[in-house]
Amino acid sequence: MEKLFESMYQLVVETSTKLPKDARRAVYQAKLRENAGTRAAMSLDTISQNIIMAEENISPICQDTGLPTFKIKTPVGVNQLEIKEVIRKAVAEATKNGKLRPNSVDSLTGANSGDNLGDGVPVIKFEQWDKDYIDVRLILKGGGCENKNIQYSLPCELEGLGRAGRDLDGIRKCILHSVYQAQGQGCSAGFIGVGIGGDRSSGYDLAKEQLFRNLDDVNPNEDLRKLEEYIMENANKLGIGTMGFGGETTLLGCKIGVMHRIPASFYVSVAYNCWAFRRQGVKIDPATGAILEWHYQEGDDVDFSKKVEQAPAAVEGNDSPREVVLEAPITEEQIRSLKVGDVVTINGRMYTGRDAIHHYLMEHDAPVDLNGQIIYHCGPVMLKDEEGKWHVKAAGPTTSIREEPYQGDIMKKFGIRAVIGKGGMGPKTLKALQEHGGVYLNAIGGAAQYYADCIEAVDGVDLMQFGIPEAMWHLRVKGFKAVVTMDSHGNSLHQDVEKSSLEKLAQFKERVF
Ligand code: SF4
């Protein structure tokens, strides 16, 4: 059992800190396709740096280490209860060591268990098979992309694409629509797993199962092979791009599976995964618990530290952006001078705030003076050393749209001038930015190591009763880069990209299959 514990711990750490080779190649290819100096190229540079740093520091690629989901196949006679127990111990140990963020909360009270264990967490699914080894696969899929999963019940009407019927062409439309609706919010460019058929739950299971396939495999079903190729070729024409900033690459992989269904139901389920495609797998010796082999080792690796040759920017409005330095407290005048597309470098203080903090601030005073300050939508991975000092292990942005009901009111109430997050916010916040003189800054989603490196010190923490990811951390940063995607003049890059991608989506309305 000790060896099995070691093997499972290694699997968790490797999955959290290192992208598998096929995903690395896909991200690298995306980098080659972008034009030099664009926002997409800048984002992919940051992502590349982040991948290197996570690997070198053996730290989480993204601070959201998701819901650990294990898929295990065992030979007949293997004790599954023992494996389950060992996995739970390995997950708790990896959490204690800062390789996973404590992510398991009570659904009713919101209380964080602190060790990633809880009812149904981690997810562990077993299957028996007739091979003589144990196969364990693990995926760490974060909330930002999980929230962009979507399920279609055919026939249906789709924005931009019209009617999707109960046939291959209807499925084609659903898949294209799933990429469109995700925009940049699931930290695009992304990977999708599609499940055709089943019921609502088995359809989603099948979709998620596809994410374990190797990106270079060839679908044995000829219709699905053609559909996968079609989607890869055409989804990238939507122009959503990395982080939804616009660009050449929106989708990095598409794998489609099919199962039977009952005549009355026809589901197409899509599991969307961000660029931080953390899934690994091992073959285990049932007698010793040792790792026999790692999965996803096929093909060449890529060197992210090597400078790539990119063509010069040719797209109007997507060329080299203006760069501005900001340090809190920020004045209204400084904010009003910022425009969508500017790249901002932040030095000095910022405060983290996620769902619990925003909810709290609606009804309470702030524990610190937030006038002119910056709020960072971030749930970091933190570790306390023996002297009681906190260290940031991972600190990328979290999905901002969850704060839409509160954000504008809170900015006005406390005089906050800037919020940083990812994926953009809605019309209520945009209006408040205009009225109050505020700005929304989009950081690069998933770049948890890159941003952790920008944090020079943790100067304090408030509201720890909400747990580590939700507490208000006082951070001192240097060289923290983000892009203005919503300004105080009513402009929103997110709205613009959504509008143009909807127009592009409409060109795929005609029947193809
Ligand atoms: S890269 Fe983005 S979507 Fe993926 S886990 Fe991290 S924050 Fe969530």
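User: In this predicted model, how do the residues of the shell around the ligand divide into nonpolar, polar and charged?
Analyst: Cys counts as nonpolar, Lys and Arg count as charged, and Gly is among the polar residues. The ligand is surrounded by 13 residues, and the closest include Cys62, Cys187 and Cys274 as well as Arg278 and Lys422. The ligand takes up the space of the largest pocket. The shell divides into 6 nonpolar, 4 polar and 3 charged residues.

User: Is Ile124 buried or exposed?
Analyst: Ile124 belongs to strand S2, residues 123-129. Beyond its neighbours within four places in sequence, Ile124 touches Phe70, Ile72, Lys84 and Ile87. The cut-off for buried is under 20% relative accessible area. Because its relative accessible area is 15%, Ile124 is buried.

User: Which elements are included in what covers the buried residues of H10?
Analyst: Helix H10 spans residues 355-363, and its buried residues are Ala356, Ile357, His358, Tyr360 and Leu361. The cover over them includes strand S14 (374-376), helix H11 (404-414) and strand S20 (472-486).

User: How many residues has the largest nonpolar core?
Analyst: Nonpolar side chains tend to be buried together in soluble globular proteins. Here Ile192, Ile231, Trp275, Ile346, Ile420 and Phe480 have the most contacts inside the largest core. Phe480 is in contact with Ile346 and Ile420, among others. The largest nonpolar core has 106 residues.

User: How many residues are in the other core that lies apart from it?
Analyst: Among the residues of this other core are Phe70, Ile83, Val86 and Ile134. Phe70 is also one of the contacts of Ile124. The other core has 21 residues.

Terms used:
Residues are numbered from 1 along each chain as its sequence is written. This is a predicted model: local features need pLDDT of at least 70, side-chain atom pairs count only at pLDDT 80 or more; totals for chains, interfaces and linings use all residues. Side-chain values use heavy atoms; hydrogens and water are left out. A residue is near a molecule or strand if one of its heavy atoms lies within 4 Å of it. On a 1 Å grid over the protein atoms alone, a cavity is a set of points where a 1.4 Å probe fits but cannot get out, and a pocket is an open set with protein on both sides within 12 Å along at least five of seven lines; lining residues have an atom within 4 Å of a point. A molecule sits in a cavity or pocket if more than half of its atoms lie within 2 Å of its grid points. Buried means under 20% relative accessible area, exposed over 50%, partly exposed in between (1.4 Å probe, protein chains only). Helices (H or I, at least four residues) and strands (E, at least two) are DSSP runs, numbered from the N terminus. Contact means heavy atoms within 4.5 Å. A nonpolar core is a set of buried Ala, Val, Leu, Ile, Met, Phe, Trp, Tyr and Cys residues joined through side-chain atoms within 4.5 Å.
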